Structures are given as structure tokens and as C-alpha cells.
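Hello,

Here is the structure we spoke about handing over. My notes on it follow below.

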Amino acid sequence: MTVMKGGELITEFLIREKVPYVFGICGHGNVGILDALHQEQDRITMISPRHEQTAGHMADAYFRIKHEPVATLTSCGPGSANLIMSLANALADSSAFLAITANVPTQQFNRGPFQELHKHNQADFPALVRPVVKRSFQAYRVDMLPLMLRQATNTMLMGRPGPVNLDVPFNLFQEEADVEVPQSSVNAISNRSGASDEDVDYTLDMLQAAKQPLIFIGHGVTLSEASQELSILAERLNIPVISSPNGMGCLDMRSEHSLGFIGRNGSYPANQAGRHCDFLLAIGARFDDRSASSWLEGYSWNMPSTKLVQVDIDVSEIGRNYPVNLGIVADARTFLRQILTELDSRAEESNKSFEPWMDQIQVWRQEWEEFTKPHFHSSASPMRPERVVGDIRKLLSDDAIISLDSGVHHNWFMQFWEARQPQTMLNAWGYSAMGFGVSGILGAKLAAPDRPCISICGDGGFTMTPHVLCTAVEYDIPAIWIVWNNFSWGAIRDIQYGLFEGRELGTAFYQGENREPYNPDFAAMARSCGVDAATITKANDFAPALEHAISQNKPYLLDVHVDSEIRPPATGTWELPPIPPKEPVFGKPFTP
């Protein structure tokens, strides 16, 4: 036991847990811990972006690359309230970080001091944050911190990962107590639960009985680091694989077994396979509305006609949106290894050919390529979206990291991006927070300093957090931003056009009586922050500009003008009740 201030205790705990960074912003509520961090600068680094939302997105993206958590530090009141969006985004996508928030001194609880929330309970920030974290802990004394730090870390990383909040009143950072720096139990607790032998047998029996089997994977396979096992299984059994955006790259998307994404903005082969498969093995995937065509029968899936075995480490996801023939609570990698082991023991039974099924899928693939391929070579100005996606894919190394958040640009990348390795495509998927891709690329670059890290972001999303440029310069973080400039909230404008007879309000960026398209000069904005930049209006200028930006190894921005009148070709649908959903542009629903 050692007499320590609360701020010293928290700092030493983070260091012992091998947390390399604290992403935080100062405030009067957390100055009490800043001195402790100052004293340990050689062992833990604090990076201070210009907005708390960015701090959270940086921590979220860092975890998605390294699968190791960092911490954020925010002050009381609006400082911590600004963290809400990034916490919600991380929770929805099963990404973990420790959000340390400051609060008012315990001596002033319930007296209404500066920035206290006290309408229903004293120092009530935990009530505000509770829906967007796995757990919120609030300490009242320094000697409460050791247990809470250990429990917070365990909660954050055990089972399905997610952000956790530790709320610390100001005085605890400076008050002392006889305490021992805790050690979390994470490394001593198995997080690799498996299926029973009976469930493995049942799954393989169902697969062997199928004629048109399919695997659907999500972020759970990425988090479990099960790429190798998945690839072996797909090759060995000759089974096609569909991936959610956060699972992309777990199977090389140039593999003949990879069908890409499913849903409204998925690929045609994926939706066709989903409609026609007779057995589906879902691993670490949620069946959210965008990957299930809003659960409308025949548009992407056909459960319960299709037999479903769903594997997830989170029991609450099993059977949430579709009835299952078998639900298995298990870690994705452990389960896949069990399946492969059982296949070894069934060698004489594991050679069943699904060639007719794969031949049919190849027909669908060829039809889709004939429909889409010509546009990837277009030299039109402004650029066609397909040309932007294609040129980026040609130039980036297989280990390069891209980040995307909400917008029509994301729809294009869901449909046409080819991720060749896991953890190389970062998406704001479940909560779809604008700013994640723009801000998160800083955290990604800190996690992978030797790999190219590029944020592809909408013009609307970029203008929500453009201060990331300042942080990149201050801390020498050589990220690249490609601003998809279509002078609109393009995804929502397209919904308005589609649902309301072409009427638009509040989704296009205009200036003056003539309603001329308007945006700031993003390249000039970047240069004012000390970031090199270029504006691209001609298709043939884009690839050389991106190649140059990558070669500079410093912060860079490309303002790319993209044709706003070209929409991703819907191959599924998406419903906003009570308005009837639109039919696919390419392909037709199928119900057996």
C-alpha cells in the first residue's frame, strides 16, 4: 500500500496496463490529473485534439486497428457531454476505450456548482452517459478507485468489447489515500468460449445436408482475429462468404469465395446468394436493417425458409431479428477452429462439392461486373464515384487503412471496395456517426504509423470536425483526407428525391438567389492549418495527386469534386415505415 493521489493512481494504472495514449482535452474539472500525466510523459503520451468528440473517435479507431484500448480524458459538463457521440458509435460497433470523465468536487455535490447536473441526482453525468457505454462507474473516494479501475477494464474487454466510463469528481484527483495500484484480470480470463460438441456436430450436419450453403460474417470475426480460420474453411468447403462492412477483409475480397456486402447497397451476387441459399451460418453478425434489406422477406434473406445457425459471443444478438435453428454463444475463432477440427475427423464426409452453387454465383458475378465495370474507367468531370473508388484501390497497398463515416460515399465503398486484409476498412456502421472517419484516422495512424491511413469523408461530414487538421499538424500525424465533394448531404438528398417526387429541402449546399453550389475551399482551409492540399476536378488528375500525397508522409488533403447526380445502384432495399420501400435497381426479390 502506498499513499497516492487519485490522479497518480489512475496514471500508474494506465501505464501498468500498457495504455500508450490518453486522448483528452483540458478543463477545470480534470486539471487535477494533468500534473500526474505530466510527470509520466516518458511512459504515457497525452494527445489533445480540438474537440472531445474527436478524442473519442481517435480512441475508437485505435482499438479497431490494435485491439488494445486507450483512454480518453474530458472535463465536467459540456466537455464530457461532447464525448457522447463517439461513445455511442464505439458501443454500436463493439469498440472499446476507457472514458475518464471529470465531475464537480464531492464537497459541492447537489449545490449546483459550475457545470453540475443535479436535477434528479447529484453529479449526475453517469445518467447522461449510461445508454452509450457498457457500464459507468462513479467514485466518491480515492480508495474506491482501485476496484473500479479493475472492474472497468474487465468490463470493457470481456465478451463483446465496448466503451466504459469512469467518472471522477475533481477532488479525487488531488486527495490521497493508502492504495495499491490494481491489476486487471483481463489477461487471466479466457475470452475464447466455444460451442458444445453437439452444436458443432449439428452445424456440420446442416451444412452437409445443404445444397446452397452460405456464410455471413460481421465484426465479431474481425475482433476475434479469425481471418485465417475463416479463409481455410471457405476454401476447404468451397463455400461463399458475405461480409458486413466491419468484417470486410477477414476473407480477401478478391477471393472467388468473397461476395462482398449484402443489403440495399450491397453487391448483386451477395443479395442473390442471400435470397437463394438454403443454409446460412452467421458468425459475429447482427442482421441490422441495412444488411438485411429492413428484414423484408426475399430482398436479402429468406429466413425461416433458409435454415439459420447463428454464432455470437453476445447472447442478446442471437435470434434478435431472425428465428434460429440453432443459436451458439461462442467466440468466432474458437468456433471456426472447432469446425475445422471436426472436419478433420470427418475426412470422408467433408468432400461434398458445391460446384453447381458456385457456378450459379459466378453467373451472378459476371452479370454484376458487366453492369458496373465500364464506369470505373470513366474520365467524366466531375468524377464518377466508381472512378474514385477504383483509383484508390489501385494505388493503396493491401495493408493501407481507410476510414469512412456516414454519407453517400460510404454507400459506394460498401458496394465496391475490396478489402484484402482485416482491420483495414474502418466504418461508422451501427450508430453511423459523422466525424468518426474524419477524426478516427488520427487514431488509426497512431496505431499503425508505418501504414498509409486515408480518411474518405463527405464534404458535410468533414465540415463537422475540420479541426482534425490542427491536431495532425500539432502532433505530426501524417494522415490523408479525401473530401468527397458533391456539394450536398448526398445520401439524404437522394432519399428525398426518391421518396418525395424529386423535392429537396435542406440537403443541398447552395449560395445566393441563383442557388449556386457552395462549399468552402477545402484545400485553402487545409493550407491555412499547415496541411498541404490540392483540389481535383478532373478524373485523370486524381490518381497522381493521391500517389503524391501518400509519398509525402505528412498530413495531406485532397478536395475531390464528385458527380452528385449518380446514385449507387440498389441491389436490395431499405424501408422507412410507413413509406413503401423502393424496388432494387438491379436484380429482383425472390421468395422460395
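**Salt bridges**

A search of the whole structure finds 29 salt bridges. Please keep in mind that this is a predicted model.

Glutamate 40 is bridged to arginine 43, and their closest N and O atoms are 3.0 Å apart. Arginine 43 is partly exposed, with a relative accessible area of 39%. In glutamate 229 and arginine 337, which also form a salt bridge, the closest N and O atoms are 2.8 Å apart. Glutamate 229 belongs to helix 11 (residues 227-237) and arginine 337 to helix 13, so this pair ties together parts that are 108 residues apart in sequence. Glutamate 229 counts as buried at 7% relative accessibility, whereas arginine 337, at 41%, counts as partly exposed.

Arginine 346 forms a salt bridge with glutamate 342, with 3.1 Å between the closest N and O atoms. Arginine 346 is buried, its relative accessible area being 9%. Through shared partners, salt bridges also join Glu12, Arg16, Glu40 and Arg43 into one network.

**Helix 1**

Glu12 of that network is also one of the buried residues of helix 1. The helix spans residues 6-16 and is mostly covered, with 9 of its 11 residues buried. The buried residues are Gly6, Gly7, Leu9, Ile10, Thr11, Glu12, Phe13, Leu14 and Ile15. Just after helix 1, lysine 18 has a positive phi of about 65°.

In soluble globular proteins, nonpolar side chains tend to be buried together. The largest nonpolar core here has 95 residues, of which Trp301, Ile392, Phe413 and Phe542 touch the most other members. Helix 13 (residues 332-345) supplies the largest share of this core, 6 residues. Another core lies apart from it and has 86 residues, including Phe63, Phe125, Val179 and Ile441.

What is tryptophan 301 in contact with, leaving aside its neighbours within four places in sequence? The list is Leu214, Phe216, Ile242, Ile262, Gly274, Leu280, Phe287, Ser291, Ala292, Leu296 and Tyr322.

Strand 9 (residues 213-217) is largely enclosed by the rest of the structure, because 5 of its 5 residues are buried.

Strand 9 runs parallel to strand 11 (residues 279-283), and 5 bridges join the two. Isoleucine 217 has isoleucine 283 as its bridge partner in strand 11. Strand 9 also runs parallel to strand 10 (residues 241-243), to which 3 bridges join it. There, the bridge partner of isoleucine 215 is valine 241.

**Valine 389**

Phe413, named above among the core residues that touch the most other members, is also touched by valine 389. Valine 389 sits in helix 15 (residues 385-395). Is valine 389 buried or exposed? Valine 389 has a relative accessible area of 2%, which means that it is buried, the cut-off being under 20%. Not counting residues up to four places away in sequence, valine 389 touches Trp412, Phe413, Phe416 and Trp417. Phenylalanine 376 is 13 residues from valine 389 in sequence, and the C-alpha to C-alpha distance between them is 8.0 Å.

An open sheet of 6 strands runs in the order 15-14-16-17-21-20, with parallel pairing. Its edge strands are strand 15 (425-427) and strand 20 (532-536), each of which pairs on one side only. On average, neighbouring strands of this sheet are turned by 15° against each other, direction ignored.

Strand 17 (residues 480-485) pairs with strand 21 (residues 556-561) in the parallel sense over 6 bridges. Tryptophan 481 stands opposite leucine 557 of strand 21.

Regards

Notes
Residues numbered from 1 in each chain as written. Predicted model: local features only at pLDDT ≥ 70, side-chain atom pairs only at ≥ 80, totals over all residues. Heavy atoms only, no water. Core = buried A, V, L, I, M, F, W, Y, C linked by side-chain atoms within 4.5 Å. Buried < 20%, exposed > 50% of the residue type's maximum accessible area, 1.4 Å probe, protein only. Helix = DSSP H or I, 4+ residues; strand = E, 2+ residues; numbered from the N terminus. Contact = heavy atoms within 4.5 Å. Pairing = 2+ DSSP bridges. Axes fitted to C-alpha atoms, helices over the stretch in contact; angles between N-to-C directions. Salt bridge = Lys/Arg side-chain N within 4 Å of Asp/Glu carboxyl O.
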